[in-house]
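Subject: Structure handover and notes

Dear colleague,

Please find the structure below, with my notes after it.

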Amino acid sequence: MQRQDQTKYMTFGAIMAALGVVLLLLGSIIPGMRLSCVAIASVLAAMVFVRCGFGYALLCVIATALLSFLLVPAKEVGLLYAVFFGPYALIKNGIERLHNLPLEWVVKLAYCGVTAVLLFWFSDQVLAMVPELLAAHLWLYLPVILILFAVYDIVFSKLIAYLSHYLHLR
């Protein structure tokens, strides 16, 4: 790889990380937009993955997560990005390389379920974002999260395909 390409990739990743931090900051400030902004920030990391590859996308996710912990007032937003949405932008590609749709969905839902339960048990800040009815009953919490995750995954895939084509990322 030429040095010029490396510079372009690093610059693109840095710009996407900065935009990701801005989105997480907006999610922290605007009530009701926390999950939406975190999900959109993960799309930026996926764009880096498509354009530049895994290494640059990993750097983008790490930079976004670290900067969000430093700059974003609502730490649960940074935590959701660092633990779930950021890594998922990278993991999703590996899962989809299995080329076995039922197995892919089992692995994706297992990732979501394990991460959601860990966030539920270990983070009071994330728990505060969950409606009271769901927070009181884990058996209600998990199916709702898995259904929302399935919708998110489908939209995420369609959006990345659209952006890749429209922005000529490949």
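In these notes, buried means under 20% relative accessible area, exposed means over 50%, and partly exposed lies in between (1.4 Å probe, protein chains only). This is a predicted model, in which local features need pLDDT of at least 70 and side-chain atom pairs count only at pLDDT 80 or more, while totals for chains, interfaces and linings use all residues. Residues are numbered from 1 along each chain as its sequence is written, and side-chain values use heavy atoms, with hydrogens and water left out.

Salt bridges

A salt bridge here is a side-chain nitrogen of Lys or Arg within 4 Å of a carboxyl oxygen of Asp or Glu. The search of the whole structure gives five of them. One joins the side chains of glutamate 76 and arginine 34, at 1.8 Å from N to O. This pair links distant parts of the chain, since glutamate 76 is in helix α4 (residues 75-96) and arginine 34 is in helix α2 (residues 34-52), 42 residues apart. Helices are DSSP runs (H or I, at least four residues), numbered from the N terminus. Glutamate 76 is buried, at 10% relative accessible area, whereas arginine 34 is partly exposed, at 25%.

With glutamate 96 the N to O distance is 2.5 Å. Glutamate 96 and lysine 92 are separated by about one helical turn, because they are four residues apart in helix α4. An α-helix has 3.6 residues a turn, so residues three or four places apart point the same way. Glutamate 96 is partly exposed at 27% relative accessibility, and lysine 92 is buried at 4%.

The side chain of lysine 92 also meets that of aspartate 153, at 2.8 Å from N to O. Aspartate 153 lies in helix α8 (residues 138-166) and lysine 92 in helix α4, so this bridge ties together parts that are 61 residues apart in sequence. Both aspartate 153 and lysine 92 are buried. Salt bridges link Lys92, Glu96, Lys108 and Asp153 in a network.

Helix α2 and the cysteines

Helix α2 has 19 residues and reaches 27 Å from its first C-alpha to its last. That is close to the 27 Å expected at 1.5 Å a residue, where the expected span is 1.5 Å times one less than the number of residues. Glycine 53 follows α2 and has a positive phi, near 110°.

For cysteine 52, the nearest cysteine sulfur is that of cysteine 60, 8.9 Å away. Cysteine 52 is buried, with a relative accessible area of 10%, and cysteine 112 is buried at 2%.

Aromatic rings

Rings of Phe, Tyr and Trp (its six-membered ring) pair if their centres lie within 6.5 Å; planes under 30 degrees apart count as stacked, over 60 as edge-to-face and the rest as tilted. The structure holds 14 aromatic pairs. In one of them, tyrosine 9 and tyrosine 56 have ring centres 5.6 Å apart and planes at 70°, so the pair is edge-to-face. Tyrosine 9 is in helix α1 (residues 3-29) and tyrosine 56 in helix α3 (residues 54-71), so parts 47 residues apart in sequence are tied together. Tyrosine 56 is buried, at 16% relative accessibility.

Phenylalanine 85 and tyrosine 152 also form an edge-to-face pair, 5.3 Å centre to centre with 85° between the planes. Here phenylalanine 85 in helix α4 is linked to tyrosine 152 in helix α8, 67 residues apart. Phenylalanine 85 is buried at 9% relative accessible area, and tyrosine 152 is buried at 13%. Ring pairs join Phe84, Phe85, Tyr88, Tyr111, Phe149, Tyr152 and Phe156 into a cluster.

Charges over rings

A charge sits over a ring if NZ of Lys or CZ of Arg is within 6 Å of the ring centre and within 35 degrees of the ring normal. The charged end of arginine 51 sits over the ring of phenylalanine 12, 5.7 Å from its centre. The charged end of lysine 108 sits over the ring of tryptophan 105, 4.9 Å from its centre.

Histidine 99

Histidine 99 is not a glycine, yet has a positive phi of about 55°. Histidine 99 is placed in the loop between α4 and α5 (101-122), and is exposed, with a relative accessible area of 69%.

Regards

Notes
Helices (H or I, at least four residues) and strands (E, at least two) are DSSP runs, numbered from the N terminus. A disulfide is a pair of cysteine sulfur atoms within 2.5 Å.
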